[in-house]
Amino acid sequence: MTLCLGRLFAVVSIAASIVLFVTSCSLLSKRQGEGGEASHAGQRAPVQRIAQMEFGRDAVFAVCTEPACPTVTRKSLAVAPDAAASTAPKPTVNSAASSTDVPQPVADHAATTPAAIPIAERHEVIVHFMSGSAALTPAGKAALTQSLAYARKANRIVISGRTDSIGADNPNQSLARARAFAVRDYLRRREPMLPALMVIEARGRCCFIASNDTPQGRRQNRRVEIVFSVPERVAP
């Protein structure tokens, strides 16, 4: 009887040991599972976002991974507007402008035109014509040839054609113009490189210098007046 009780006690002890061993193994497996889940939770996919890496002129945007992304601080918030303001174009200040807001006048084109050259000499030559003719007479050609010395130095030549009072207005106007052109063409033929500006001014039946009642008076009125304006810098 005693032997049986001893064997039963040994079997119970072994069973209890087996139960404790199995229980401890299950607890260990559970703890390892919780630890694994925790480690997997800590190894979740990294968070990525777009962040501004620099400020001002060097500002760039890039994709960064937390926790390596830059964080906005009070310093960066204060510096960023200043950096942006530094990149804005600055207005050009004219050092010659006045301190007031009154707009400066725009220079007129006429103000840049050189001043008129003072005229030191004016030479006048008169050439006479036959009645109803615009052909130069020998005496007229000789007078024009002598006037070439003035023409070479002049900067302006005014040629005025005139007639007497005989005939209608239109024919006399055409005649006065033809006489002025005859003088101009003669001067150009004799001196092709004249530097002067030639101005033609023709008026028929006008500007008489003598009476038209006599042949002598009408002859004086049939004329061309040439005025040579010599500037001061070339006047002798």
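T163 is buried in this predicted model, at 1% relative accessibility. The cut-off for buried is under 20%, so T163 falls within that class. You will find T163 in the loop between β4 and α5.

What does the side chain of T163 make a polar contact with? The partner is the side chain of N172, at 3.1 Å. A polar atom of the T163 side chain also lies 2.7 Å from the backbone nitrogen of R205. Leaving out residues up to four places away in sequence, T163 touches a list of residues that includes L175, A176, R179, G204, C206, F208 and N221.

Now step back into strand β4, where S160 sits. S160 is buried too, with a relative accessible area of 8%. Its side chain and that of E201 are joined by a polar contact of 3.1 Å. Beyond neighbours within four places in sequence, S160 is also in contact with R223, V224 and E225. S160 and I200 are 40 residues apart along the chain, and their C-alpha atoms are separated by 6.1 Å.

Next, the partner strand. β4, residues 156-161, pairs with β6 in the antiparallel sense, over six bridges. In that pairing, I159 stands opposite I226. Setting aside residues up to four places away in sequence, I159 touches I226 and its neighbours V224 and E225, and the list also includes A180, V183, R184 and M198.

How many of the nine residues of strand β6 are buried? Nine of the nine are, so β6, residues 223-231, is largely enclosed by the rest of the structure. In a regular strand, side chains alternate between the two faces of the sheet. In β6, R223, E225, V227, S229 and P231 point one way. V224, I226, F228 and V230 point the other way, and the residues of both sets are buried.

The largest nonpolar core has 20 residues, and L144, I157, I159, V183 and I226 touch the most other members. At least two residues of this core come from each of β3, α4, β4, α5 and β6. Which of these gives the most? Helix α5 does, with four residues.

One more item on β6. A search of the whole structure finds one aromatic pair. The rings belong to Y150 and F228; their centres are 6.2 Å apart and their planes are at 45°, so the pair is tilted. Y150 is in helix α4 and F228 is in strand β6, 78 residues apart, so the pair links distant parts of the chain.

Last, confidence. The mean pLDDT of the chain is 74, and 52% of the residues reach 70 or more. Among the elements, helix α3, residues 138-146, has the highest mean pLDDT, at 97. Helix α2, residues 74-87, has the lowest, at 47. Over residues 75-87 the pLDDT stays under 50, and the model has eight contacts beyond four places in sequence for them. Residues 91-114 are below 50 as well, and that stretch has one contact in the model beyond near neighbours in sequence.

How values were computed:
Residues numbered from 1 in each chain as written. Predicted model: local features only at pLDDT ≥ 70, side-chain atom pairs only at ≥ 80, totals over all residues. Heavy atoms only, no water. Buried < 20%, exposed > 50% of the residue type's maximum accessible area, 1.4 Å probe, protein only. Pairing = 2+ DSSP bridges. Core = buried A, V, L, I, M, F, W, Y, C linked by side-chain atoms within 4.5 Å. Contact = heavy atoms within 4.5 Å. Phe/Tyr/Trp six-rings, centres within 6.5 Å; stacked < 30°, edge-to-face > 60°. pLDDT = per-residue confidence, 0-100. Polar contact = N/O pair within 3.5 Å; in protein donor to acceptor, adjacent residues only side chain to side chain.
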